[in-house]
Every structure is written in C-alpha cells, then in structure tokens.
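I opened my notebook for a look at ring pairs and helix packing. Here are my entries, in the order I made them.

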Amino acid sequence: MKRSDGYLLDNRQNEAGQRFDAFATLFDPTTFRHIEALGIGPGRRCWEVGAGGTSVVSWLAERVGPTGKVVATDIDTSRLASADRPPVEVRVHDVGAEEPPGEGFDLVHARLVLVHVPDRERALRSMVQALRPGGWLLVEDADPALQPLLCPDEYGPEQRLANRLRQGFRKLLAERGADLSYGRKVPRLLREAGLSEVQADAYFPVTSSACTALEAATVRQIRDRLVSAGLATDEDIDRHLANVEAGGMDLATAPMISAWGRKD
C-alpha cells in the first residue's frame with residue numbers, strides 16, 4: 001500500500017492527553033534514570049525534541065534550575081503551553097525538516113519521536129549538530145517489530161482480537177513512514193554519527209494500569225482510521241474496548257530502547 005501523509009496520533013485529539021499521561025507513568029522513571037546518570041544538573045542546556053507533553057520538560061526544568069535552559073520543541077506545541085516559562089522555551093519545530101533551534105546543548109533528548117519522523121537521518125544529524133563537545137545525545141525509541149504483540153500470552157479470543165487490532169495499528173503506522181524496527185538500530189546509528197561511549201538498554205512493560213490506559217486511549221484515537229482502512233469493524237473495536245476495560249488481560253507495549261552517546 002502507498003505511504004500516507006500525516007501523523008497518525010494527533011496531539012490535539014482528546015485522547016492525546018491520556019496517552020501522554022500513560023507514557024509518563026510507564027517511561028519517565030527510565031528516562032529520568034538515564035538523564036541523571038549523564039550528569040545533567042544545574043546550569044545545563046537541554047533540548048527536548050518532540051516533547052509532546054510536559055512531564056519530561058518540567059522535570060528537566062527543575063534539574064537545570066534558573067541558571068539552565070530547556071528548549072522544548074514539537075510540530076504541535078498545544079500541550080506545552082503550561083511549561084512555557086523560564087528556564088523553558090517552547091518552540092514549534094520540525095526536527096526532520098528544520099535546522100536545530102540552537103547549539104551548544106549539554107543534552108539533546110528525544111523519546112518515542114524519531115520512529116515517526118520521515119527523514120530520521122536528517123533529524124539525527126541535526127540533534128548531533130546541536131550538541132556541544134562533551135554533550136550527550138539520548139534517543140529512546142520503540143521497536144514494535146521486536147515484540148509485535150499487545151498480548152504476548154495469546155491464550156483466548158480476547159487476546160487474539162487484541163493482537164489483530166494491534167497489527168492493524170502497526171500497519172497504519174508503517175503506511176505513514178514509521179520504521180517499526182527503528183529502536184534496535186539506534187546504538188549503531190549513534191556510533192555512525194561519530195558519538196563515543198555509546199551504550200543502550202531496553203524497557204518492556206508487560207502489564208500495568210498504565211498499559212491498559214494507553215491501549216484504550218490509542219484505540220479510541222485511531223478508531224476511525226482502523227475502520228475506514230478495513231482493518232477492523234466498529235463491533236470489533238467495541239468488543240476490544242470492553243475487554244480492555246474489564247481488566248482481565250495482560251497488555252504490553254513495544255520495547256523502548258534507550259541509547260546514548262557523547263560528542264567528542
């Protein structure tokens with residue numbers, strides 16, 4: 001099928017806020033652990049790429065304090081307005097198409113962003129360019145192809161339906177240019193970009209209330225796309241949402257691979 005244009009998960013849809021809250025619950029502890037280990041503290045300059053929501057931006061602002069700087073960018077900054085005050089500067093910016101919003105950053109961070117960017121190669125070059133010598137790039141991205149199931153324990157009809165709908169969701173992502181095996185490539189790409197001290201790990205939630213909330217919000221957000229593409233019926237989606245809300249399934253996310261490297 002021909003690749004479609006447009007981001008599948010619009011920040012302005014009602015469900016986007018629920019998704020950002022779920023991502024924060026699921027992934028903020030991992031993100032914060034990595035940033036702390038990289039020594040980001042008072043007075044540092046940070047670029048948060050594709051910020052979406054405010055959880056990481058607000059945490060970074062507290063870390064760097066009044067003498068630091070956090071530039072938070074996204075193609076849609078509608079959910080960042082509450083964070084737009086010193087030391088945070090919010091900018092509308094397309095990392096895959098525009099020059100970086102500054103240089104000399106101590107940290108450039110992107111979480112669950114580049115997998116969706118059509119020109120990922122340019123985006124990564126831009127992020128490396130924006131670092132000061134000795135600065136760190138931290139890229140955290142999903143690898144849906146590494147673990148393609150919503151329900152890894154597919155033992156009944158509810159789980160089979162869930163996994164079928166997840167396959168439809170990933171088909172829609174791929175048609176819009178998402179690289180569903182991107183996460184595993186990031187360590188190599190950081191080395192090829194000239195960064196040193198490259199390391200990586202992965203976090204894979206298998207079941208939690210946040211996984212359940214994320215799935216319900218995601219399916220509601222893409223419902224019309226699934227139906228119009230013939231990947232599901234309204235009855236399928238109603239049945240799946242009822243199964244999700246019943247709370248009897250173990251719902252997983254794609255593994256999030258965190259990779260970091262230092263600019264010499």
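In which handedness of crossing does helix 4 pass helix 7? I looked it up in this predicted model, and the crossing is left-handed.

Next I checked the geometry of these two helices. Helix 4 covers residues 157-175 and helix 7 covers residues 234-246. Their axes come within 10 Å and cross at roughly 120°. Angles of 65 to 115 degrees would count as roughly perpendicular and those over 145 as roughly antiparallel, so I logged helix 4 and helix 7 as oblique to each other.

Then I listed who makes the contact. From helix 4 I noted Glu 158, Leu 161, Ala 162, Arg 164 and Leu 165. From helix 7 I wrote down Asp 236, Ile 237, Arg 239, His 240 and Asn 243.

On to the rings. How many aromatic pairs does a search of the whole structure find? I got 4. One of them is Phe 32 with Trp 59, at 4.1 Å centre to centre and with 5° between the planes. Planes under 30 degrees apart count as stacked, so I filed this pair as stacked. Phe 32 sits in helix 1 (residues 14-37) and Trp 59 in helix 2 (residues 55-64), so the pair ties together parts 27 residues apart in sequence.

Are Phe 32 and Trp 59 buried or exposed? Both came out buried.

I also found an aromatic cluster made of Phe 23, Phe 27 and Tyr 203.

Last entry: charges over rings. Arg 45 lies over the face of Phe 105, 4.7 Å from the ring centre. Arg 120 lies over the face of Tyr 182, with 5.7 Å to the ring centre.

How values were computed. Residues numbered from 1 in each chain as written. Predicted model: local features only at pLDDT ≥ 70, side-chain atom pairs only at ≥ 80, totals over all residues. Heavy atoms only, no water. Phe/Tyr/Trp six-rings, centres within 6.5 Å; stacked < 30°, edge-to-face > 60°. Helix = DSSP H or I, 4+ residues; strand = E, 2+ residues; numbered from the N terminus. Buried < 20%, exposed > 50% of the residue type's maximum accessible area, 1.4 Å probe, protein only. Lys NZ or Arg CZ within 6 Å of the ring centre and 35° of its normal. Axes fitted to C-alpha atoms, helices over the stretch in contact; angles between N-to-C directions. Parallel < 35°, antiparallel > 145°, perpendicular 65-115°, else oblique. Left-handed = near helix turned anticlockwise from the far one by under 90°. Contact = heavy atoms within 4.5 Å.
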